[in-house]
Amino acid sequence: MSAAAFHRLFAALLILLQISTAAVAIGVNYGTLANNLRPPAEVVNFIKTKTKIDRVKIFDTNPDILRAFAGTGILVTVTVGNGEIPALTDLATARQWVAAHIRPFHPQTRINYIAVGNEIIHTNDKPLIARLVPAMKSLHRALVLAGITDIKVTSPHSLAILSISEPPSMGRFRRGYDRAIFGPMLQFLRETKAPFMVNPYPYFGYSPNMANYALFGPNRGVYDKYTKITYTNMFDAMMDALYSAMKNIGYSDVDLVIGETGWPSNCDGYVACSPGNAATFHRNLVWHVNSGKGTPLMPNRKFETYLFALFNENLKPGPTAERNWGLFHPDFTPVYDVPNIMIGGRHRGGRGGRPKPVAPSGKKWCVPKSDASVQALQKNIDYVCSSNIDCRPIQAGGACFLPNDIRAHASYAMNSYYQTSGRNDFNCDFSLTGVITTVNPSHGGCVYIS
């Protein structure tokens, strides 16, 4: 091989390596059902300068919002309203729609997806549902005729499209829709190299005894007897159920995009809703999808993910939770701590200084049970320290490194997780190896047990 050929090969391999190790894209749903939001230009500047968010999804084709994103490089998904779908099955109408809603803004605004409808299976309107795929095909054809080849057409769906979701390996689409709707849709997505957009919400599967399973916390997991896989979080189980449904009708190769997922910070007395739980879910979800681990049935696959939602929206109808899905208040202050979404992350009090221990709050602490094995405690340390908890204090030279003992280090890690994740009893479960104590085991901010 010549030197020039070698350098070309090395450059190609380097590009592939960069692509394979790149962080997963994190986006957000930018809803506008509120009367107290800042103008789009200010919102776009906030996203661009203060957050790591590099893509947004909006629920219409608001021209003011599309103009505000021009020249920013931020990717934008626009949405076709459910009521617009029937007319768009006509190619002439689809071409007019593209001319009115896409052409004036593209490519200055980087529109990457057109989401046709929003969870229309929920409407139970069979004539409307029957027109979904024809409308998607018509819009795609209209884009091609307009010379636009970098916008993909898809459609977002909730997990209500599944008739079976447990165990994940037995995931199946609803009977009747599997071949009539989702088969043709997935075939279209395969042909156009577009992703299938889905909205998995572990929040809606929450139960108090499975809290850590929904929140990516340490737990014993749920066993799938058919694959002999133990699932340790509900998100992976949901995604694998969708994958199994797609595989069952022959489309396991179509990419998946997370169009919505999130957790409300407040609701009408329901124990699941709290700023602590919302922070825990988002922190762990972002870490999980950025890890590139994929899921048990889709290892090493990366999922482009859109969090729901950017703001609390005060005009959304329904229960209190509907108005409390936001990461931020309308004045851009965080509803709760989102360090892996903000540029610069969590403030740590200065660069280069020794990290301070997490000071225990309140009158309860989380410590290991006396019979917890060394192996279990090490697993707890590994889990906590990979979930954005600052474990530098128990590393060599750290403020809580001594005594250099697994049990002491696990005490610090487990309590740190408990204190920063909502201080709910389930935040100290750790697969039944943690216990709540009201006897202060701390010394100088470091939690020790005898």
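A search of the whole structure finds 24 aromatic pairs. Rings of Phe, Tyr and Trp (its six-membered ring) pair if their centres lie within 6.5 Å; planes under 30 degrees apart are stacked, over 60 edge-to-face, the rest tilted. The model is predicted: local features need pLDDT of at least 70, side-chain atom pairs count only at pLDDT 80 or more, and totals for chains, interfaces and linings use all residues. Residues are numbered from 1 along each chain as its sequence is written, and side-chain values use heavy atoms, with hydrogens and water left out.

Two of the pairs are tabulated here.

| Pair | Centre to centre | Angle between planes | Geometry |
|---|---|---|---|
| Phenylalanine 204 and tryptophan 325 | 6.0 Å | 40 degrees | tilted |
| Tyrosine 206 and tyrosine 270 | 5.9 Å | 90 degrees | edge-to-face |

The pair of phenylalanine 204 and tryptophan 325 links parts of the chain 121 residues apart. Phenylalanine 204 sits in the loop between strand 9 (196-199) and helix 9 (211-214). Tryptophan 325 sits in the loop between strand 13 (305-307) and strand 14 (365-368). Helices (H or I, at least four residues) and strands (E, at least two) are DSSP runs, numbered from the N terminus. Phenylalanine 204 has 57% relative accessibility, so it counts as exposed. Tryptophan 325, at 5%, counts as buried. The cut-offs are under 20% relative accessible area for buried, over 50% for exposed, and partly exposed in between (1.4 Å probe, protein chains only).

Tyrosine 206 lies in the loop between strand 9 and helix 9. Tyrosine 270 lies in the loop between strand 12 (256-261) and helix 11, so the pair ties together parts 64 residues apart in sequence. Tyrosine 206 is buried at 7% relative accessibility. Tyrosine 270 is partly exposed at 35%.

The protein has 13 helices and 17 strands. Of its 450 residues, 51% are buried. Among contacts (heavy atoms within 4.5 Å) between residues at least 6 apart in sequence, 73% join residues at least 24 apart.

The structure holds one cavity of 30 Å³ or more. A cavity is a set of points on a 1 Å grid over the protein atoms alone where a 1.4 Å probe fits but cannot get out; lining residues have an atom within 4 Å of a point. The largest cavity has a volume of about 40 Å³, the space filled by probe spheres set on the points, which are joined across faces, edges and corners. Its lining includes Phe235, Asp236, His288 and Arg301. Helix 10 (234-248) and helix 11 (275-290) each supply at least two lining residues.

Terms used:
On a 1 Å grid over the protein atoms alone, a cavity is a set of points where a 1.4 Å probe fits but cannot get out, and a pocket is an open set with protein on both sides within 12 Å along at least five of seven lines; lining residues have an atom within 4 Å of a point.
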